[in-house]
Amino acid sequence: MNRLHNSQSHSFASDNYSGVHPEIMAAIAQANGGHVGAYGSDPYTARLQELIKQQFSEAAEAFPVFNGTGANVLSLQAALPRWGAVICAQTAHINQDESTAPQAVGGFKLWPLATTDGKLTPELIAQEAHGFGFEHRAQPLVVSLTQSTELGTVYTVDEIRAIADYCHQLGMVVHMDGARLANAAAALGVPLREITTDAGVDILSFGGTKNGLLLGECVVVLNPQRLSDGMKYLRKLNMQLASKMRFISAQFIALLEEGLWLRNAQNANAMAARLSEGLRQIKGVSFAYPPEANGVFVRLPAGVADQVRGHTFFYDWDEQGTVRLMCSFDTQVQHVDDLLQAIKTACAAA
Ligand SMILES: Cc1ncc(COP(=O)(O)O)c(C=O)c1O
């Protein structure tokens, strides 16, 4: 096969635009060859279970899946009866970017809430946490948080704890969409368990793809008491049971065993911090949200975004002229500095 793309290209479009970290590629190769059990009955998935317990708690259980939408729908289904609903931020991936999967595949309703920065609070949640026992209302039995958020902000440990305490008091389950959990932990300088298990999260969609994996996410059951005991059946009926699971598990082993998850996230965050620092110096640029992880959301003077896109691609985010600049595990100083120079030049001419 001939290479069909420029392997040196880089963009700020999405942390999904990046390729695969070489250590992950090596892990896939290492897991190759020979025959092992299918559907998770393999030594790599067994090793992943050990690592997940080390990272999150002895009670934690890993369910590797194909993608983030599947991880979210499966997690939420496991936490809800058929009459259940999920309270989430209006900007949540489950609300804005998963088509009708939550409704059509998951079979549950969403109660989305407007936020200023992508983060829920107990006060906001209270707007939809009502009608318990009223048969006409989809029962708000789960709250889903995204960490780090779709707007590049990060919940502190105390903020998560306060939400979890509030939810548990009302009998609600806490789900975390951790597609970028590693970036949040790196930003806060805490272990993964401090913003999940220890803060009261019950079930987690643990992201891998955005942090250097080829594909694969992992649902982590943190508090089995609050969830369906039919996870393995639910994963299959959600079409998220991989027959050659060893290759998803091997990637997570490589991510977790020697701290690659942290190194990758730290790099992406550091590049976003450098980018933010540079953008702060450019007249005409304003920040839509505080850049706290690996995403930078800024408003640029009219015409600047389209001009800069001639150098490197990124997405418009909203109708107010916000653009989203995402940094990845493989973003380098030169990529950031080139982008800053292009924005500076375009702003000066605007
Ligand atoms: C916050 C969040 N959750 C989940 C996902 C995973 O989505 P996918 O189904 O594309 O893997 C994404 C990907 O963009 C995301 O940004």
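**The interface between domain 1 and domain 2**

Student: In this predicted model, what area is buried between domain 1 and domain 2?

Tutor: The size of an interface is often given as the accessible area lost when the parts come together. Carbon and sulfur atoms give 58% of the area buried between domain 1 and domain 2, and the area itself is about 1,800 Å².

Student: How many residues does the contact take from domain 1 and from domain 2?

Tutor: The chain is divided into domain 1, spanning 22-257, and domain 2, spanning 260-349, and their C-alpha centres lie 28 Å apart. Taking contact as heavy atoms within 4.5 Å, the contact draws 21 residues from domain 2 and, from domain 1, 24 residues.

Student: Which residue forms a salt bridge with E23?

Tutor: Between domain 1 and domain 2 the count is 1 salt bridge, and a salt bridge requires a side-chain nitrogen of Lys or Arg within 4 Å of a carboxyl oxygen of Asp or Glu. The closest N and O atoms are 3.1 Å apart in the salt bridge that E23 forms with R263.

Student: Which helix gives the most to the side of domain 1 that touches domain 2?

Tutor: Across this interface there are 10 residue pairs in polar contact, both residues being at pLDDT 80 or more. On the side of domain 1 that touches domain 2, the elements giving two or more residues are helix 1 (22-30), helix 8 (181-188) and helix 10 (246-257). The residues of that side divide into 12 nonpolar, 8 polar and 4 charged. The element that gives the most, with 5 residues, is helix 8.

Notes: Residues numbered from 1 in each chain as written. Predicted model: local features only at pLDDT ≥ 70, side-chain atom pairs only at ≥ 80, totals over all residues. Heavy atoms only, no water. Domains from an automatic or database assignment. Buried area = accessible area lost by both parts, 1.4 Å probe. Polar contact = N/O pair within 3.5 Å; in protein donor to acceptor, adjacent residues only side chain to side chain. Helix = DSSP H or I, 4+ residues; strand = E, 2+ residues; numbered from the N terminus. Nonpolar A, V, L, I, M, F, W, Y, C, P; charged D, E, K, R; others polar.
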